[in-house]
Structure formats: structure tokens, C-alpha cells
Amino acid sequence: MKLIEALALAVSGLNANRLRSALTVLGILIGVAAVILLVAVGNGTSVQIQNQIQGLGSNIVYIYPSNAKVGGVSQGFGSGQTLTQADVDALNDKTQAPDIVTAIPVSQTAGIMVYQNQNWFAQTSGSTQDFAEVRNYDVAAGAMFTDSDLRSAAKVVVIGQTVVDNLFGGDPNTALDKTIKIQRQPFRVVGVFASKGSQGLGNQDNIAIVPITAAWSYLQGGRGKNISQIVIQAPSPDAVKTAQDEATQVLLNQHKIGDPSLADFTTQSQQDILNSATQITGILTAVLGAIAGISLVVGGIGIMNIMLVTVTERTREIGIRKAIGARRSDILLQFLIESMFLSAFGGVLGIIVGTGVSDWLATARIASGQFPPPVVSIPSVLLAFGVSVGIGLFFGIYPANRAAGLHPIEALRYE
Amino acid sequence: MTGQTAGVRQAPAMIELEDITKVYRMGSVAVHALKGVSLRVGAGEFVAIMGASGSGKTTLMNIIGCLDLPTTGRYILDGVDVRRLNDNQLAAIRNLKIGFVFQSFNLIPRSTAVHNVEMPLIYAGVNSNRRQLAMAALEAVGLADRARHQPTELSGGQQQRCAIARALVTEPAILLADEPTGNLDSESSGEIMKLLVQLNSEGRTIVLITHENDIARFAKRIVRLRDGLVVSDAPQQRAEVSA
């Protein structure tokens with residue numbers, strides 16, 4: 001029997017019980033749509049995190065001091081004070097580290113800031129004028145502080161958009177040349193960073209950057225020239241690894257450490273962060289997909305159930321077909337195609353609904369933008385469709401085989 | 001038991017049953033439905049197999065129709081030894097050599113008359129002129145104008161004529177009719193029997209299973225079964241078709 005005939009038979013069989021067929025299709029539809037949607041949500045989270053990590057700057061490597069140990073007790077990550085300005089200068093030395101474009105020191109500090117009757121808390125760091133370039137910040141109003149500000153430890157600050165929103169009502173230009181108090185020290189706003197627009201995990205717009213010399217002098221009570229991290233920039237993505245290796249070597253030399261395993265600092269490239277984030281979001285996506293996959297299996301059982309009912313209902317018809325010359329394989333094919341048609345139809349509708357809802361969520365940005373926009377992944381669509389057809393085949397085999405195995409006389413006698 | 005006419009004896013045999021027995025197991029009890037039936041039906045014959053219920057006539061029909069295999073004995077249908085065939089070959093025999101007409105019509109619901117008639121051709125793998133063949137068969141039973149109707153939209157007589165068209169469409173060696181008028185009123189019954197007589201006069205071999213003398217009288221030969229054995233086998237003067 002030709003496939004076309006079998007397909008026509010299947011369609012007319014399903015058409016005879018429209019509501020029942022529709023409900024069975026719905027089961028598969030929900031399963032496929034759930035897989036696509038949840039994988040898209042996982043994927044969207046992954047894309048958002050990747051964008052944020054990429055937004056930290058381009059081709060950069062972070063260097064942190066190792067854990068300080070006081071009497072054998074670790075004081076926690078980054079608590080050591082092993083990085084110095086001399087290290088930064090060495091890293092900026094092209095003869096020692098030709099693949100490092102710029103190295104900047106960052107000294108983090110408390111950031112309680114007050115303007116008139118408003119107060120706010122922002123991530124406040126001391127750095128150099130290269131901070132904007134290395135960390136990929138554009139200056140929307142005013143300008144970055146200058147080299148002379150750095151050398152003179154000028155009390156100037158460049159703030160992020162979130163700070164402007166909370167202290168100055170949102171307009172960057174009104175913030176310029178105003179004096180805000182950070183840790184009770186007056187700082188003049190000389191520039192405002194353009195918003196990076198990234199929401200959710202870690203707001204990169206809630207920052208304030210002052211010259212590192214000013215931070216040392218005024219914000220940290222003159223307790224030494226603390227550097228909490230060094231950020232280096234490589235010229236291209238390919239050179240990040242080389243730059244990371246050069247930085248390690250330069251710092252090992254600086255600190256006179258022969259054995260790299262005893263290094264008193266750690267380096268972490270954007271790629272390292274990206275890799276661990278990708279790993280986590282990959283697991284998240286897989287778990288979400290697996291949970292949705294359960295509903296696909298339930299849908300498959302629905303198909304099997306309905307096919308068993310159909311076979312029983314049509315026992316007599318099967319007997320007639322066998323009497324007029326249908327082979328076992330003809331009957332098997334007819335019912336298999338019927339169940340696969342159900343599941344494939346459900347699969348196609350599920351793809352439409354799943355991608356539709358994903359796209360809608362992506363544009364609607366529900367829950368005030370905290371929800372990562374779903375990103376539909378094509379492999380998940382193909383997989384979900386393939387699995388749905390496979391489910392039709394798998395759960396259709398038993399009922400179809402039961403139909404094909406019926407004895408024609410008994411089937412004809414069935415009322 | 002051997003009362004066939006000389007003319008029929010010389011015709012090539014369509015059906016040759018030799019000492020057929022059939023035993024069913026119903027739990028621990030063995031039921032001997034057929035106890036040794038021998039029967040020869042030549043081409044072009046019109047045989048009525050009669051018997052009360054329990055006489056084994058349905059079992060015999062199932063065996064003749066290749067829906068069931070005999071326990072012992074030999075059955076040669078149009079030169080083919082049926083006992084040697086596997087399931088698929090039996091399906092092909094049913095498809096090509098036997099046309100079934102059932103008491104309850106057994107049309108496939110929700111399929112039009114013409115589609116029902118096409119069905120055996122679909123299983124035979126005929127693709128090119130299937131629709132024309134089916135229409136020709138419907139024409140032959142006088143149902144061409146109802147080709148697009150579903151079985152539920154046809155009267156009993158029309159349904160049975162559709163079933164006969166389906167049985168004829170593959171040009172089978174024999175037409176096997178099991179109580180074809182059992183569910184019909186007398187007027188429709190007469191029409192159907194007239195159709196069968198006409199088909200027989202065109203050269204078709206027909207085996208008719210019935211328990212009604214009124215129906216059996218249209219046949220040229222009557223075989224009577226009782227308790228799984230042939231008790232009489234005699235030619236008869238066919239009743240007037242116009243009756």
C-alpha cells in the first residue's frame with residue numbers, strides 16, 4: 001500500500017473523532033511547546049549572562065590578590081594585599097609584556113554618597129583614566145578625569161547613570177560640576193558614563209570612579225596604597241591567553257616567586273568567567289528541558305491510550321480490511337501512520353506555540369525587565385519535533401501491532 | 001453425494017476440498033466443526049451451501065474464503081494449495097481470488113461507496129486506473145449514481161450491491177456470499193439474488209451460504225451440511241429469475 005493511501009486513511013480516521021484527536025494533539029502540543037519555551041528561557045538566561053560578561057570590557061583579564069592568611073587562617077578571596085602600583089607599572093611596560101595594551105589598578109572602597117538631601121550607595125572604585133576604555137564605558141556627559149587629576153589626587157568623580165537617576169533625577173547634564181559627598185569627602189562630578197543598559201545580575205551602571213590616588217588619600221583613610229584588582233586589556237580576543245600568560249610571568253618576577261603554584265595572585269580572563277557561566281547555564285537549560293520533556297512523554301502515553309481505544313473501536317473494520325486482502329503490514333502501517341500523524345501534527349503546532357510564546361515574552365519583557373528574554377534555539381526546535389514524531393512511533397507500535405495481529409474471523413465477528 | 005452434472009464435472013475446478021476437518025479448542029474441549037468434507041466446485045457453478053446453525057457451514061465458508069486454515073485435509077483454490085501459504089500469501093489470495101459478500105454488508109464506515117470499492121485495489125497495489133475500475137464495478141451493480149454516498153446514506157439493498165461491487169472489483173475466481181440477504185427485506189433480497197444470478201450467467205463462480213430455501217433455490221446446485229458432514233449434494237432446476 002502506498003504511503004499516500006495510508007496517510008489519507010489516517011487523516012480520515014482522525015477526522016472521524018475530531019475532539020478526541022484534538023485533545024491527543026493538545027497533549028503533544030503542550031509537551032513540545034514546553035520544551036521549546038523552557039529551553040528558550042534557559043538559553044535566554046545564558047545569552048544575557050554572556051552579554052553581561054562581554055559587557056565588562058573587551059579582551060580583558062582580571063588579576064586578584066590571593067587569599068591572605070593570618071596565622072594559617074584564610075581571610076577569604078581577594079583579601080590579600082599583594083598587588084602594588086609597581087606591579088601595574090611592570091604590566092604596562094611593553095618590553096616585559098608586549099601583548100598587554102593597558103593595565104589599570106582598581107581599588108574598591110565604600111561608596112555612601114550624599115547630594116543635598118539625597119543619599120545613595122554605589123560601587124565606588126579608584127582607578128586611572130584608562131578605566132573607561134578598558135572596561136568599555138562611554139562617557140555620555142562631561143569627560144573622564146585626566147592624568148593630571150590622577151597625579152594631583154584631585155577630588156573628582158565620574159558616575160554611572162543609576163547614580164544620576166538617584167541623586168540628580170536622571171539628567172546627566174544637571175549632575176555635571178555638582179559636588180557630591182562620598183564618605184563625607186566632597187567630590188566634583190566631572191563626567192557621567194553612558195548606560196550599559198544591562199539589567200538583572202549586577203547593575204553595571206551603579207558605579208562611581210575616582211582617581212585611585214584620591215581614593216587612597218581620602219576614602220581609605222591613608223592606610224596604604226591598596227589595589228584590590230588589576231585589569232589588563234589584550235589587543236584582540238586571540239591574544240587574551242598570551243596576555244594572561246605574560247601577566248602571570250611578569251607578576252611572578254615582580255614578586256620573586258619561582259614556583260607558579262605558590263603564586264600570591266590569581267588571574268581570570270573573561271573567557272574563564274564565560275566558561276563557568278556557560279557551564280552553569282547549560283546545566284540550567286538541560287534541567288529545564290528535561291522537566292518539559294516529562295510532559296512530552298505524558299503526551300506520548302496519551303497517544304498510546306487513544307490508539308488502543310481506536311484499535312478496539314475499529315476491530316471490525318480491521319477484520320473487513322483483512323478479509324478483502326490487507327496484509328499484516330498494511331494494518332500496522334495504517335495505525336502507525338495515524339499515531340505518528342497525531343504526534344507530528346501536535347509537534348508542528350507545539351513549535352508554533354512554543355516559538356510564538358517565546359517571542360512574545362522576549363518582546364513583552366515581563367516583570368519589569370528582570371526576566372531574561374527567551375531565545376529560541378533551533379536545535380531544540382528540531383529535537384522537540386523529532387522526539388514528538390519518535391514518540392508517535394514508539395507509543396504507536398504497541399496498538400498498531402495489536403491491530404495487525406488480530407485474527408480476521410474474530411475481528412469480523414466483533415461487535 | 002456425487003450428483004454433479006456431466007457438464008459441470010468437465011469444467012476446470014475452482015475449489016477442491018479433500019477430506020477437510022476443522023477442530024477448535026474451546027478451553028479443554030475439542031470441537032469438531034468439520035469432520036471430513038470433500039467438495040469440488042467447477043468454474044461457472046452457482047452452489048448453495050445449506051445447513052442449520054452448528055452444521056459447520058460458517059467454518060466451511062471461512063476455510064473456502066482463506067480466512068481460516070483446515071486442521072487436516074487438502075484445499076486447492078484455482079490450482080493453488082492453500083495449506084502451504086503464509087499470512088501474506090493468504091491475504092493476497094483473499095484479495096485477488098475471492099470476493100466476499102457478508103450478511104452485514106461490512107462496508108467501511110465514513111468512506112464513500114466508490115472508496116469502499118477501491119479498497120481491495122489499494123491493497124492489490126493498483127494505482128493507475130483504480131477509480132475507473134471501481135466506477136465500472138459500481139456500474140455493473142447499478143450503483144454508479146450513488147458512488148459519492150457514504151454507507152449510512154445508502155439503503156440496505158444498495159449497501160449490499162456496493163459490497164458486491166467491492167467483491168467483484170479485483171475480478172476474483174469465486175464470489176463467496178455468506179447469507180447475503182439475511183439483513184434485507186424481501187424486495188431487496190430479490191434484487192440481490194437477481195444480481196447474483198446475472199453475475200453467474202456472465203460466468204462467475206458463486207458459492208452462497210444460506211439457511212433459507214427461498215434463497216437457495218436461485219442456485220444451480222445445493223450442498224447440505226449436517227454436523228460437519230456433507231449429507232446431500234444435488235443439482236436443481238433454478239427458480240425463475242423473475243420470481
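Ser339(A) sits in helix α12 of chain A, which covers residues 328–364. The model is a predicted one.

Chain A as a whole contains 14 helices and 14 strands. Its radius of gyration is 33 Å, well over the 22 Å that the globule rule gives for 415 residues, so chain A is more spread out than a compact globule. The C-alpha trace of chain A spans about 105 × 55 × 40 Å along the principal axes. The domain assignment divides chain A into domain 1 (3–53 + 276–413) and domain 2 (59–269). Between the C-alpha centres of these two domains of chain A the distance is 53 Å. Of the 415 residues in chain A, 44% count as buried. Among contacts in chain A with a separation of 6 or more, 80% join residues 24 or more positions apart.

Chain A has a mean pLDDT of 86, and 93% of its residues reach 70 or more. Among the elements of chain A, the lowest mean pLDDT, 55, belongs to strand β2 (residues 69–70), and the highest, 94, to strand β9 (residues 156–159).

Chain B has 8 helices and 10 strands. Buried residues make up 47% of the 243 residues in chain B. Of the contacts in chain B with a separation of 6 or more, 70% are between residues 24 or more positions apart.

In soluble globular proteins, nonpolar side chains tend to be buried together. In this model the largest nonpolar core has 128 residues, and those with the most contacts inside it are Val32(A), Ile36(A), Ala165(B) and Leu176(B). Helix α2 (residues 18–55) of chain A gives the most to this core, with 14 residues. Apart from this core lies another, of 58 residues, among them Ala103(A), Val157(A), Phe193(A) and Val210(A). To return to Ala165(B): leaving aside neighbours within four places in sequence, Ala165(B) is in contact with Val117(B), Ala137(B), Leu138(B), Ala140(B), Val141(B) and Leu143(B).

How many residues does each chain bring to the contact between chain A and chain B? Chain A supplies 17 residues and chain B supplies 20. On the side of chain A that touches chain B, the elements giving two or more residues are α1 (3–16), α11 (315–323), α12 and α14 (408–413). Of these, α11(A) gives the most, with 4 residues. The residues on this side of chain A divide into 8 nonpolar, 2 polar and 7 charged.

Because 7 of its 9 residues are buried, α11(A) is largely enclosed by the rest of the structure. The buried residues in α11(A) are Glu317(A), Ile318(A), Gly319(A), Ile320(A), Arg321(A), Lys322(A) and Ala323(A). They pack against α12, α13 (378–404) and α14 of chain A, together with α3 (87–96) and β6 (98–101) of chain B. After α11(A) comes Gly325(A), which has a positive phi near 115°.

Positive phi values also occur in residues other than glycine. Gln116(A) has a phi near 50° and is found in the loop between β5 (112–115) and β6 (118–121) of chain A. With 10 C-beta neighbours inside 10 Å, Gln116(A) counts as exposed. In chain B, Asp19(B) has a positive phi of about 50° although it is not a glycine. Asp19(B) is found in strand β1 (residues 13–26) of chain B. Asp19(B) counts as partly exposed because it has 13 C-beta neighbours inside 10 Å.

Definitions and conventions
Residues are numbered from 1 along each chain as its sequence is written. Chains are lettered from A and ligands numbered from 1 in the order in which they are written. The radius of gyration is taken over C-alpha atoms; the globule rule is 2.2 Å times the number of residues to the power 0.38. A residue is buried if 20 or more other C-beta atoms lie within 10 Å of its own, exposed if 12 or fewer, and partly exposed in between; C-beta atoms are placed from the backbone. Two residues are in contact if their C-beta atoms, placed from the backbone, lie within 7 Å. A nonpolar core is a set of buried Ala, Val, Leu, Ile, Met, Phe, Trp, Tyr and Cys residues joined through C-beta atoms within 7 Å. pLDDT is the predictor's confidence in each residue, from 0 to 100. Ala, Val, Leu, Ile, Met, Phe, Trp, Tyr, Cys and Pro count as nonpolar, Asp, Glu, Lys and Arg as charged, and the others, Gly among them, as polar. Domain bounds come from an automatic or database domain assignment.
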